[in-house]
Amino acid sequence: MFLKRRFYVLLLAVAVITGLGYASAPLFTVGRLLTAALFVATVADIALLWHRRAVSAERRLSQRFSNGDDNPVTIQVESAYPFAVTFEVIDELPPQFQRRDFRWLCSGGAAVLAAPVSAAAPASAAVTMTYTLRPLRRGVYNFGHVIVFASTRLGLVERRYKCAAPCDVSVYPSFQRLHQYELMAASRHLQEPGIKRVRRIGRNTDFEHIRDYLRGDDYRTVNWRATARTGRPMVNVYQDERSQQVFSIIDQGRVMQQAFEGMTLLDYAINASLALSYVAMRKEDRAGLITFADTVDTVVAADRRSGHLNRLMETLYAEQTDFAETDYSALAVAIGRHINKHSLLILYTNFMGLVSLQRQLPFLQQIARRHRLLVVFFADVELQQFIDTPPRTAEERCQQEVARKFADEQQLISATLRQHGILSLLTTPQELTPSVINRYLAVRAV
């Protein structure tokens, strides 16, 4: 049992009136009567709430959460009291969210996340509350109980109900928007925020069908035999080459420990690699995975059979790292040992400067001699925001010049990679997934 604020306010008022009775005798009598009335009302309130257990709550949520995305959670509170009550609902969230004041305002069968307040709910009714959680790390999240505080319209005491048994939820790499990226890739209009349109020309080796010539068609695709047979110009139509091996190679070293909006670059890379693998498999390519730091930790052979995406997801979910120093020589040896066929390799990494790239460049060149290598690294968003802020002092102006030098080095890194025949992609963390998919489609169409 918990005494509410209204009880203490009334008790204080009764005490003041009773105290004034020492100056005026009638007020002492009034105070005694009010004290008795408050006692009776409190006992009646307790009796109404405790004559039966009349409140239950259920939490409904998915067994898996998508990392970095909004995941819905629904709580339904049912009241069997024959009279109207007010509810204050608290969900015991996992400690990773660092929330201790997660309460709701209930009103008319709906709920809004709010400060610790309550509103009336009708008698013998159910109230449904829905909210979203955005996890920022993979792993197991432990939910506690749903705590419901019920009180009558008297509002003197409230009863605490502990409902909904604790449960665990596994947070996997981002999987919510996989179908969205597939549909956009299929319809050739990756035009969502951060997604750019590219022209995709089907000029690969896989023949699809023959059709009539249209103005603008490449004359090199004219099928002269079909033209002679039909008496009108006919052209061959080619489709994207199938069964290409696409490997996502994720650097788990310390350079990927940097965080943006609460998520590390490593988790952004893991989310992007899962989405890319999904799109590649739908494009009939085979998707594989390699993770490495000071040693090569995981190698998943390229495949596109049923169940392979789940295997990739489980592998990415279990990836752990101590952010050691990256060893590209070990990566080059592992690629030579495990990847025999010419493949598209997408390397997610980061460079602190041009000097760090030059140390790793010989190993990247060694990999690029046998495979098509795309190096994906990250633009420092906070650094760019600092550069764009108008300086207020001479010291800030000097700091901005130094920051601009680091930002220019990222462009120089990209140019250096291109000079050595290595594809590069400089992107921000929040635009990583659409940018990588868009670049994959562009490379695939060449």
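In which sense, left-handed or right-handed, is the crossing of helix 1 and helix 2? The crossing is left-handed, and the points below set out this pair together with other parts of the model, which is a predicted one.

1. Overall make-up. The protein has eleven helices and 23 strands, and of its 446 residues 47% are buried.

2. Helix 1 and helix 2. Helix 1, residues 5-20, and helix 2, residues 25-50, have axes that come within 7 Å and cross at roughly 160°. Because angles over 145 degrees count as roughly antiparallel, helix 1 is roughly antiparallel to helix 2. On the side of helix 1 the contact is made by F7, L10, L11, V14, I17, T18 and L20, which meet L27, F28, V30, G31, R32, L34, T35, L38 and T42 in helix 2. By class, the residues of this contact divide into eleven nonpolar, four polar and one charged.

3. Strand 12 and its partners. Strand 12 covers residues 157-163 and is mostly covered, five of its seven residues being buried. Strand 1, which spans residues 2-3, pairs with strand 12 in the antiparallel sense over two bridges, and in this pairing F2 stands opposite E158. Strand 11, residues 146-151, likewise pairs with strand 12 in the antiparallel sense, here over five bridges, with I147 standing opposite K162. Strand 11 and strand 12 form a hairpin with five residues between the strands, and in this hairpin G155 takes a positive phi near 65°.

4. Strand 21 and strand 22. Whereas the pairings of strand 12 described above are antiparallel, strand 21 (residues 344-348) and strand 22 pair in the parallel sense, over five bridges. I346 has L374 of strand 22 as its bridge partner. Strand 22, residues 372-378, is mostly covered, with six of its seven residues buried.

5. Leaving aside residues up to four places away in sequence, F260 touches Y268, V381, P429 and Q430. The C-alpha atoms of F260 and D380 are separated by 9.0 Å, although these residues are 120 residues apart along the chain.

6. Helix 9 and helix 10. V381, one of the residues that F260 touches, falls within helix 9, which comprises residues 381-388 and packs with helix 10, residues 394-419, at an angle of about 135°, the axes being 9 Å apart. Helix 9 and helix 10 are therefore oblique to each other, and helix 9 passes helix 10 in a left-handed crossing. From helix 9, L383, Q384, F386 and I387 meet E396, Q399, Q400, A403, R404, F406 and A407 in helix 10. The residues of this contact divide into six nonpolar, three polar and two charged.

Note on methods: Residues numbered from 1 in each chain as written. Predicted model: local features only at pLDDT ≥ 70, side-chain atom pairs only at ≥ 80, totals over all residues. Heavy atoms only, no water. Contact = heavy atoms within 4.5 Å. Axes fitted to C-alpha atoms, helices over the stretch in contact; angles between N-to-C directions. Helix = DSSP H or I, 4+ residues; strand = E, 2+ residues; numbered from the N terminus. Parallel < 35°, antiparallel > 145°, perpendicular 65-115°, else oblique. Left-handed = near helix turned anticlockwise from the far one by under 90°. Nonpolar A, V, L, I, M, F, W, Y, C, P; charged D, E, K, R; others polar. Buried < 20%, exposed > 50% of the residue type's maximum accessible area, 1.4 Å probe, protein only. Pairing = 2+ DSSP bridges.
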